[in-house]
Amino acid sequence: MSEPVIKTVGLKKSYKAVEAVCGLDLSVPRGSVYGFLGRNGAGKTTTIKMLLGMVAPDAGAGRVLGYAIEKRSDSLEIRRRTGFVSEDKGLYDYMTVGQMVEFTRPLFPAWRRERESQLLKSFDLPPARKVKQLSKGMRTKLALLLALARGSELLILDEPTEGLDPAAIEEVLQILVRLVAQEEVTIFFSSHQIAEVEQIADHILIINRGRAVVAGALDDVKENYRRINLTFDGSAPAPSFEIAGIERIQKDGRQMSLLVSRNLDEIIDQARALRAQTVDVVPVTLKEIFLETVRSDE
Amino acid sequence: MLWYRHWLETRWRFFIGLALLVAFSAMMVLTEPLVGSALENFQDPGGRIGEFLREQVETAKTYDGYVWQQWFSKNLLMGWILLATLIGVGGIVTESSRGTALFTLSLPVTRRRLLAVRAATGAIELALLALVPSLLIPLFSLAIGESYSLAKTIVYVLLTILGGAVFYALSILLSTIFSDQMKPIIIGIAVAFILSTVTIFFKEFAPYSILNVMSGGSYFRTGELPWLGLAISLALAGAMFYLSLRIVERRDF
């Protein structure tokens with residue numbers, strides 16, 4: 001198996017008293033589409049900034065494309081080989097679309113001119129228009145063009161579809177999928193749109209308060225996570241499970257609901273031992289997993 | 001291409017500054033006959049201000065003195081310091097408040113290079129801002145039947161640029177400390193204002209003033225170049241630029 005494109009061990013970053021990222025372990029396989037999920041302020045952007053050398057980690061280590069993120073010279077190489085779209089999509093207001101492209105192009109040796117022309121056309125970006133005159137969606141499209149045309153083997157995208165209409169979102173997602181399928185590009189992207197992540201990601205990591213709470217192949221996560229609904233004759237008993245894998249327990253009158261991430265059979269056995277009238281095991285969606293895991297950590 | 005970006009960012013400051021300085025240099029030369037006759041009717045108000053005005057009138061009695069006093073020690077001096085402050089502001093720290101820092105920092109360029117290219121591009125602009133309007137003075141002078149030495153012009157321009165490097169470096173340094181653009185401008189202008197007030201009203205301080213180095217006061221009066229003042233200004237500018245590099249390299253964005 002090839003070396004992961006992104007690998008971090010115990011990555012930490014604090015801003016004064018606030019721990020933005022607390023010991024994050026991350027492993028992004030080559031050629032994967034890796035969805036990076038978390039609430040606002042969960043540590044997603046700080047993690048991305050550390051990967052690109054914009055912020056120095058307080059502790060831990062990381063490698064991107066085999067280069068150490070802590071070393072300045074390595075960080076330069078990481079940026080040369082990575083396409084990036086920032087969360088705020090900030091581009092130079094005093095430049096036109098064409099000038100932005102002309103400015104960025106010579107900095108990337110693997111720049112793809114045919115992709116540049118194709119994206120200018122399909123995104124309907126007017127080269128003579130000033131960046132400050134672009135709508136939010138158009139700015140996002142320009143930021144995507146500048147990242148995708150770099151010809152990078154890794155794309156780090158922070159909220160890449162923010163501000164786009166549904167048709168444009170679909171177009172962008174299709175482009176990303178094509179890049180992975182045809183050119184083995186690795187995509188690491190953060191998003192609040194869980195449906196998008198579910199549509200294109202094959203791996204996910206959910207981060208909450210700087211800590212990874214769910215990580216792995218999306219299919220495995222969806223396969224392993226289950227909800228167990230228990231109904232009792234009378235009031236549901238106080239939960240007393242001693243098996244690892246129960247992420248969240250909710251009790252409401254005669255009902256008890258468990259969100260389980262592993263050891264499903266053992267947990268079912270123990271649930272039955274509580275003399276539940278009914279025991280139903282149901283699959284859960286990624287949205288439910290996300291909401292339950294970020295909530296259960298509160 | 002980094003220079004191109006900085007040029008696009010600062011070009012309007014450059015063009016407006018250049019137009020104003022050219023207009024001032026033309027006006028300064030073309031109004032010399034009027035000013036000359038007005039000075040003949042000068043009435044001394046007495047006191048410290050009177051002493052200062054008397055000196056000014058005496059200096060302006062020759063055309064050389066008039067050009068030096070009005071242009072190299074006033075209009076160009078103050079205009080150039082203001083433009084050095086305006087062109088020096090900006091950079092990656094300011095970009096962080098405008099939301100473009102992450103794009104800039106995602107480029108395969110070191111922060112050291114970003115700052116160095118920015119500083120070099122601004123320095124070229126500032127050199128042109130001092131040079132172009134000053135070189136027009138010998139030309140404009142012909143229009144009023146006077147002449148002004150090209151060699152002297154170049155010496156004064158070099159003194160303005162090299163002596164004033166410290167104001168440009170200060171602006172760059174302040175821009176690595178403050179993320180908004182106004183603070184470096186206000187502090188830069190305040191420093192120049194305090195220095196000029198001290199230079200005018202405390203004569204014992206004047207020979208050591210950086211403004212005197214920039215204007216070439218000693219060169220005008222004695223023909224000697226202010227080597228020590230230039231060396232101190234350049235050393236200070238170098239130190240401030242180095243400090244700016246260190247701050248930018250260590251900063252989290």
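**Close-up 1. Glu184(A) sits in the loop between α6 (166-183) and β8 (186-190) of chain A.** The model shown here and in the other views is predicted. Glu184(A) is not a glycine, yet its phi is positive, at about 55°. Within 10 Å there are 11 other C-beta atoms, so Glu184(A) is exposed.

**Close-up 2. Asn263(A) lies in the loop between β13 (255-260) and α9 of chain A.** Asn263(A) is not a glycine either, and its phi is positive, at about 55°. This residue is partly exposed, because 16 other C-beta atoms fall within 10 Å.

**Close-up 3. Ile267(A) is part of helix α9 (residues 264-273) of chain A.** Ile267(A) has 21 C-beta neighbours inside 10 Å and therefore counts as buried. Leaving out residues up to four places away in sequence, Ile267(A) touches Ile228(A), Phe241(A), Ile243(A), Gly245(A), Ile246(A), Leu258(A) and Val260(A). Take Ile246(A) from that list. Ile246(A) and Ile267(A) are 21 residues apart along the chain, and 8.1 Å separates their C-alpha atoms.

**Close-up 4. The largest nonpolar core holds 135 residues.** Five members touch the most others: Leu142(A), Ala147(A), Ile156(A), Ile187(A) and Ala169(B). In soluble globular proteins, nonpolar side chains tend to be buried together.

**Close-up 5. Helix α7 (residues 111-143) of chain B crosses helix α12 (residues 227-250) of chain B.** Their axes come within 9 Å and cross at roughly 140°. An angle over 145 would count as roughly antiparallel. α7(B) and α12(B) are therefore oblique to each other. The crossing of α7(B) past α12(B) is right-handed. From α7(B), the residues at the contact are Arg111(B), Arg112(B), Leu115(B) and Ala119(B). They meet Phe241(B), Ser244(B), Leu245(B), Val248(B) and Glu249(B) of α12(B). By class, the residues of this contact are five nonpolar, one polar and three charged.

**Close-up 6. Chain B meets chain A through 18 residues of chain B and 20 of chain A.** On the side of chain B that touches chain A, α1 (2-30) and α6 (101-105) of chain B each supply at least two residues. α1(B) gives the largest share, four residues. This side of chain B has ten nonpolar, four polar and four charged residues.

Definitions and conventions. Residues numbered from 1 in each chain as written. Chains lettered and ligands numbered in written order. Predicted model: local features only at pLDDT ≥ 70, side-chain atom pairs only at ≥ 80, totals over all residues. Axes fitted to C-alpha atoms, helices over the stretch in contact; angles between N-to-C directions. Parallel < 35°, antiparallel > 145°, perpendicular 65-115°, else oblique. Left-handed = near helix turned anticlockwise from the far one by under 90°. Contact = placed C-beta atoms within 7 Å. Nonpolar A, V, L, I, M, F, W, Y, C, P; charged D, E, K, R; others polar. Core = buried A, V, L, I, M, F, W, Y, C linked by C-beta atoms within 7 Å. Buried ≥ 20, exposed ≤ 12 C-beta atoms within 10 Å, placed from the backbone.
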